[in-house]
Amino acid sequence: MITSTSNQHIKDIKRLRDRKYRSESNLCYIEGIRIVFEAIKQKAEMLEIVYSPELSKSNIIKEIINNSSLLGVEILEVSKIVFEYLSSKDGPQGIAAVIRQKWIPLDNIRIKNNVWLALYEIADPGNLGTIMRTCDATQAEGIILLDDCTDPYDPTAVRGSMGGLFSVKLCKTSSENFTSWVTKNKVKMSGASDKAEIDYRHMNYPKGMILLMGSERQGIPDNLQKICQNMISIPMKGNCDSLNLSVATSIILYEVLSSYEEN
């Protein structure tokens with residue numbers, strides 16, 4: 001059992017809170033029974049499980065530890081103090097894991113009868129976490145992150161995804177590469193804007209498409225609007241002129257899902 005927060009390996013795990021180190025190592029720290037269980041269920045590449053016997057009272061945790069050990073996953077036992085040092089939660093459950101990030105290259109994406117989501121410069125990790133959760137719920141296949149986006153492996157995004165992080169494919173690229181790829185592959189695409197004239201409920205969404213959503217502040221820039229076949233909007237009946245990005249994305253994704261089920 002590791003009992004010191006000065007242990008170098010513990011310090012390295014702690015550093016995974018920092019985006020720069022996550023990017024350099026291509027690793028991520030996840031915490032909590034549900035998140036770890038979903039990572040195992042979705043076959044995420046797990047390097048090690050971190051647990052504290054003093055905090056891990058649930059039978060589910062014992063089952064996770066036993067099954068992971070049988071699969072050859074390294075089990076790192078730490079004291080309560082060390083686990084609380086690593087944890088970003090109040091009242092930690094005593095189980096966490098270090099996993100390898102998983103990204104799909106843009107050129108490997110095949111859009112057939114499914115829907116993908118493209119997000120331009122999404123900044124809020126909480127919004128991204130909620131969107132990953134919604135993508136899982138609506139069976140959207142993946143998310144393409146364009147330009148300067150927040151990190152889906154940020155602890156806030158991971159928590160907000162409620163495990164959706166592990167079931168949704170992820171890709172990151174530049175707007176320039178994305179535009180070339182969309183044009184070359186003749187990808188069908190609809191974008192959302194509060195200035196668009198087409199009500200999102202009046203669209204016939206084709207199977208095999210990308211839904212493009214803009215940043216929280218700027219929306220979709222003109223160069224990306226030009227590669228969309230349609231621009232749609234959500235009607236606003238009250239005094240507010242826009243919705244939270246994760247809410248707007250959820251509304252439209254469920255409309256796309258409904259359209260697919262009807263056809």
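This report describes salt bridges, a nonpolar surface patch and a helix pair in a predicted model.

**Salt bridges**

The structure holds eight salt bridges.

| Salt bridge | N to O distance |
|---|---|
| Arginine 22 and aspartate 154 | 4.0 Å |
| Glutamate 45 and arginine 100 | 3.1 Å |
| Aspartate 199 and arginine 201 | 2.7 Å |

In the pair of arginine 22 and aspartate 154, the closest N and O atoms are 4.0 Å apart.

The side chains of glutamate 45 and arginine 100 form another of the salt bridges. They too come from distant parts of the chain, 55 residues apart. Glutamate 45 is in the loop between helix 3 (33-41) and strand 2 (46-51), and arginine 100 is in strand 4 (residues 95-100). Is glutamate 45 buried, partly exposed or exposed? Glutamate 45 has a relative accessible area of 46%, so it is partly exposed. Arginine 100 is also partly exposed, because its relative accessible area is 31%.

Aspartate 199 pairs with arginine 201 in a further salt bridge. The two partners differ in how they are classed. Buried means under 20% relative accessible area, so aspartate 199, at 13%, counts as buried. Arginine 201, at 44%, counts as partly exposed. Elsewhere, salt bridges that share partners join Arg22, Asp151 and Asp154 into one network.

**A nonpolar patch**

Which residues form a nonpolar patch on the surface? They are Met236, Leu243 and Val247, and together they have about 210 Å² of accessible area. Leucine 243 lies in the loop between strand 11 (230-233) and helix 10 (245-262). Its relative accessibility is 35%, so leucine 243 counts as partly exposed.

**Helix 6 and helix 10**

The axes of helix 6 (residues 125-138) and helix 10 come within 9 Å and cross at roughly 10°. Angles under 35 degrees count as roughly parallel, and helix 6 and helix 10 are therefore roughly parallel to each other. Residues of helix 6 that make the contact include Asn127, Ile131, Cys135 and Thr138. On the side of helix 10, the contact residues include Leu245, Thr249, Leu253 and Leu257.

Terms used. Residues numbered from 1 in each chain as written. Predicted model: local features only at pLDDT ≥ 70, side-chain atom pairs only at ≥ 80, totals over all residues. Heavy atoms only, no water. Helix = DSSP H or I, 4+ residues; strand = E, 2+ residues; numbered from the N terminus. Buried < 20%, exposed > 50% of the residue type's maximum accessible area, 1.4 Å probe, protein only. Patch = residues over 30% accessible without salt bridge, like charges linked within 9 Å, V, L, I, M, F, W, Y side chains within 5 Å. Areas by Shrake-Rupley, 256 points an atom, 1.4 Å probe, with all protein chains shown as cover. Axes fitted to C-alpha atoms, helices over the stretch in contact; angles between N-to-C directions. Parallel < 35°, antiparallel > 145°, perpendicular 65-115°, else oblique. Contact = heavy atoms within 4.5 Å.
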